[in-house]
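Subject: Structure for you to look at

Hi,

Here is the structure I promised. Please open it next to this email and follow along.

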Amino acid sequence: MDITERFLRYVSVDTQSDECSHTTPTAEKEKRMGEALTAEMTEIGLHGAHTDGYGYVYGWLPASVGCESIPTLGLIAHMDTSPDASGANVKPRIVHYEGGDIVLNAETGVKLSAEQFESLNAYVGQDLIVTDGTTLLGADDKAGVAEILTALEHLAAHPEIPHGRVAVCITPDEEVGAGADHFDLEQFGAAVAYTVDGGELGGLEYENFNAASARVTVRGVNLHPGSAKNKMKNAALIAVEFATLLPPAETPAHTEGYEGFYHLNRIKANETLAKLHYLIRDHDWERFQKRKDFFTRAAAWLNEKYGPGTVQLELTDSYYNMREKIEPHMYLIHRARSAFRKVGVETREEPIRGGTDGARLSYMGLPCPNLSTGGVNFHGVYEYIPVQSMEKMAEMLVCLITEEDGTKTNNIT
Ligand SMILES: [Zn+2]
């Protein structure tokens with residue numbers, strides 16, 4: 001099947017995951033997509049295609065004759081879309097782009113402005129799949145699903161092309177941070193994998209933040225302000241004091257590249273009780289630990305000042321930088337670079353200022369760098385993807401699968 005047709009079929013199914021749900025998958029509707037994908041995998045010739053009880057879809061392309069000894073390679077994408085924008089009734093449109101703005105919705109005036117979105121310049125002369133300005137598109141990550149299945153369909157139809165066994169898993173709930181929760185590594189049966197869940201064509205990612213969250217609770221003593229002298233402990237003011245102990249330049253608004261930050265993302269306070277919620281991020285492991293230490297010391301300092309138990313701190317690690325887990329398998333990076341090169345795409349390697357399911361999988365024992373899908377402006381109505389980028393990625397995946405497994409070049413970094 002044509003990759004565009006495949007992609008358009010996927011985005012017509014609403015698979016928005018639900019951050020408030022405690023079920024797996026978080027939205028029942030994800031299962032519909034799972035069933036359709038299972039049928040499709042079987043149809044294109046994958047073995048053992050099925051959806052498990054958690055909504056994960058698995059399937060395997062057997063090795064071609066004579067290649068049975070090549071280690072299994074895993075490919076992973078997610079079927080759900082972000083809760084940040086509606087994914088219901090997506091009405092995609094293909095625009096042959098000749099420069100300038102693209103009006104997404106004439107009625108509401110929503111447009112993809114060439115000035116605001118400079119990335120458009122790179123796609124003059126290409127065919128862009130855009131939204132109608134009321135929903136997201138779902139290239140994140142249905143483009144990844146379409147690219148993987150198109151590549152596997154090609155290989156299944158061409159048994160003369162030599163390749164090792166390929167394991168595929170399409171997960172639910174990546175957008176709500178739960179895509180790795182029920183990943184069955186044993187069943188998957190690959191020692192290494194790639195997620196196909198990145199942005200613009202050529203992206204190759206194997207570094208991400210180390211991440212923790214901090215819950216700071218301040219307990220005050222409240223009295224009538226008229227008779228509070230030497231008695232009141234205002235929890236709201238102590239919370240502000242805590243916040244101002246942190247370096248003001250080390251926030252998301254002032255950092256980029258490898259610079260870490262403290263991010264205050266919730267605060268609720270009165271005189272009696274104040275609660276702050278922070279995200280702590282750093283690519284570097286030592287600096288990550290130091291950031292957490294800083295929180296501990298700030299809480300201790302305020303407790304010394306206002307009395308024990310005034311400030312309570314709960315630090316929870318969320319995920320870690322996958323780099324450490326990828327480094328012993330650098331051939332994965334060489335293999336991806338080589339596959340991009342073969343299809344004439346320049347590789348862009350940048351540290352992710354966030355996490356991926358691949359980062360969590362890497363720590364669960366499945367080293368898993370992230371590849372581009374070709375999509376742009378994820379999670380909103382400005383999301384778009386060039387048809388040509390999807391086609392390139394499907395070609396790139398064929399090259400990736402048919403590369404030598406590359407373990408011998410592990411020493412070259
Ligand atoms: Zn994604």
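Asn 89 sits in the loop between β3 and β4 (93-96). Its phi is near 55°, a positive value in a residue other than glycine. Helices and strands here are DSSP runs, numbered from the N terminus: helices are H or I with at least four residues, strands are E with at least two.

Some ground rules. This is a predicted model, where local features need pLDDT of at least 70, side-chain atom pairs count only at pLDDT 80 or more, and totals for chains, interfaces and linings use all residues. Residues are numbered from 1 along each chain as its sequence is written, and side-chain values use heavy atoms, with hydrogens and water left out.

Cis peptide bonds

Look at Thr 24 and Pro 25. The peptide bond between them is cis, with omega near -5°. Pro 25 belongs to the loop between α1 (3-11) and α2 (29-44). Now go to Asp 140 and Asp 141. That peptide bond is cis too, with omega near 10°. Asp 141 is in helix α3.

His 78 is in strand β3 (residues 73-78), and Asp 140 is in helix α3 (residues 139-157). The two are 62 residues apart, so this pair links distant parts of the chain.

Helix packing

Two packed helices are described by the angle between their axes and the distance between the axes. Axes are lines fitted to C-alpha atoms, for helices over the stretch in contact, and angles run from 0 to 180 degrees between N-to-C directions.

Start with α3 and α10. They pack at an angle of about 55°, with their axes 8 Å apart. α3 and α10 are therefore oblique to each other (under 35 degrees is roughly parallel, over 145 roughly antiparallel, 65 to 115 roughly perpendicular, the rest oblique).

Next, α8 (residues 331-342) and α10 (residues 387-402). Their axes come within 8 Å and cross at roughly 130°. That makes α8 oblique to α10. In contact (heavy atoms within 4.5 Å) are Arg 335, Ala 336, Ala 339, Phe 340 and Lys 342 of α8 with Met 393, Met 396, Cys 399, Leu 400 and Ile 401 of α10.

Last, α5 (residues 235-245) and α6 (residues 285-306). Their axes come within 10 Å and cross at roughly 140°. α5 and α6 are therefore oblique to each other. Residues of α5 that meet α6 include Ile 238 and Phe 242. On the α6 side, Phe 294 and Trp 301 are among them.

Best wishes
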